[in-house]
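Please find below a short note on the structure under review. The comments are set out as numbered points.

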Amino acid sequence: MTEWFVNLTPWQQALGGTAFTYGMTALGAALVFFFKEIKKDVLNLMLGFASGVMIAASFWSLLDPAIERASENGDIPWLVVGIGFILGGLFLYLADKVIPHMHFGDNQEQEGMPSHLKRTVLLVFSITLHNIPEGLAVGVAFGAAASADNPTQAVLGALAVAIGIGIQNFPEGAAVSIPLRQEGLSRWKSFLYGQASGLVEPIAGIAGALLVARMTFILPYALAFAAGAMIYVVVEELIPEAQQTTTKGAHYGVFGVMAGFVIMMILDVALG
């Protein structure tokens with residue numbers, strides 16, 4: 001099974017990996033059929049967990065390999081990685097300013113370009129925005145494996161990225177669909193909106209894999225770019241929302257970050 005997957009082209013591997021991450025989003029969104037509401041502390045824990053996974057993946061799966069590839073290419077590692085990282089953050093910043101969306105939680109103001117879209121659609125767009133770098137991270141990881149000295153080991157490392165992001169997508173799917181149910185949508189509509197937020201990941205994943213597989217010289221930049229985009233999402237959106245609480249403070253969000261970081265680190269070190 002492993003040999004069969006390793007022999008696939010990078011974009012096919014990326015499709016398989018992001019199909020898994022999307023499936024986990026849909027599975028999490030399906031929790032709306034069993035629960036009508038979600039406690040604030042549980043939501044904070046989920047958002048914190050997603051943050052921890054993304055922070056760990058940004059270093060262990062993206063920045064560290066980017067530094068190694070830049071060194072192998074004879075480039076200045078800190079310069080290459082710094083440029084890619086900043087560009088990733090700028091990309092998400094611009095997307096944040098252009099794409100109309102609205103965050104869950106206490107901040108109910110619309111962001112991005114003015115639009116007359118429904119509130120529920122704006123809420124889904126908010127989650128879709130940060131699924132772009134997640135899909136990109138998986139795709140770039142598989143694209144990088146194609147030119148690695150040990151392709152099998154590199155593919156296992158890319159699988160670790162997909163598994164880690166898939167794990168955090170499960171509670172993330174629930175964190176979209178259940179609040180939408182509380183907004184008054186039916187269970188089916190809440191599920192459909194929740195799973196739709198993950199559809200962008202296969203698109204971003206395939207694009208990332210094709211790009212770095214065909215233009216290997218940009219690989220270190222692409223890895224750092226994906227890391228910068230994910231860190232931007234974590235700092236700008238996930239952690240602030242995980243800190244919103246009316247009960248016992250922000251500790252649940254912190255516990256989630258710690259758990260997510262450790263799990264992703266174990267996955268990456270064990271498989272990578």
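Predicted model: local features only at pLDDT ≥ 70, side-chain atom pairs only at ≥ 80, totals over all residues.

1. Helix α4 (residues 77–98) and helix α9 (residues 219–242) have axes that come within 6 Å and cross at roughly 45 degrees. The crossing of α4 and α9 is right-handed.

2. On the α4 side, the residues making this contact include Val80, Ile83, Phe85, Leu87, Phe91 and Asp96. On the α9 side, Pro220, Tyr221, Phe225, Ile231, Val233 and Glu236 are among them. Glycines also take part, including Gly84, Gly88 and Gly89 of α4 and Gly228 of α9. By class, the contact of α4 with α9 comprises 17 nonpolar, four polar and two charged residues.

3. Glutamine 13 belongs to helix α2 (residues 10–29). The relative accessibility of glutamine 13 is 3%, so this residue counts as buried, the cut-off being under 20%. A polar atom of the glutamine 13 side chain lies 3.4 Å from the backbone oxygen of leucine 8. Leaving aside residues up to four places away in sequence, glutamine 13 touches Phe5, Val6, Leu8, Phe142 and Val155.

4. Lysine 118 is found in the loop between α4 and α5 (119–145). Its relative accessibility is 62%, and lysine 118 therefore counts as exposed, for which the cut-off is over 50%. Between lysine 118 and proline 202 there are 84 residues of separation in sequence and 25 Å in space, C-alpha to C-alpha.

Technical notes
Residues numbered from 1 in each chain as written. Heavy atoms only, no water. Axes fitted to C-alpha atoms, helices over the stretch in contact; angles between N-to-C directions. Helix = DSSP H or I, 4+ residues; strand = E, 2+ residues; numbered from the N terminus. Left-handed = near helix turned anticlockwise from the far one by under 90°. Contact = heavy atoms within 4.5 Å. Nonpolar A, V, L, I, M, F, W, Y, C, P; charged D, E, K, R; others polar. Buried < 20%, exposed > 50% of the residue type's maximum accessible area, 1.4 Å probe, protein only. Polar contact = N/O pair within 3.5 Å; in protein donor to acceptor, adjacent residues only side chain to side chain.
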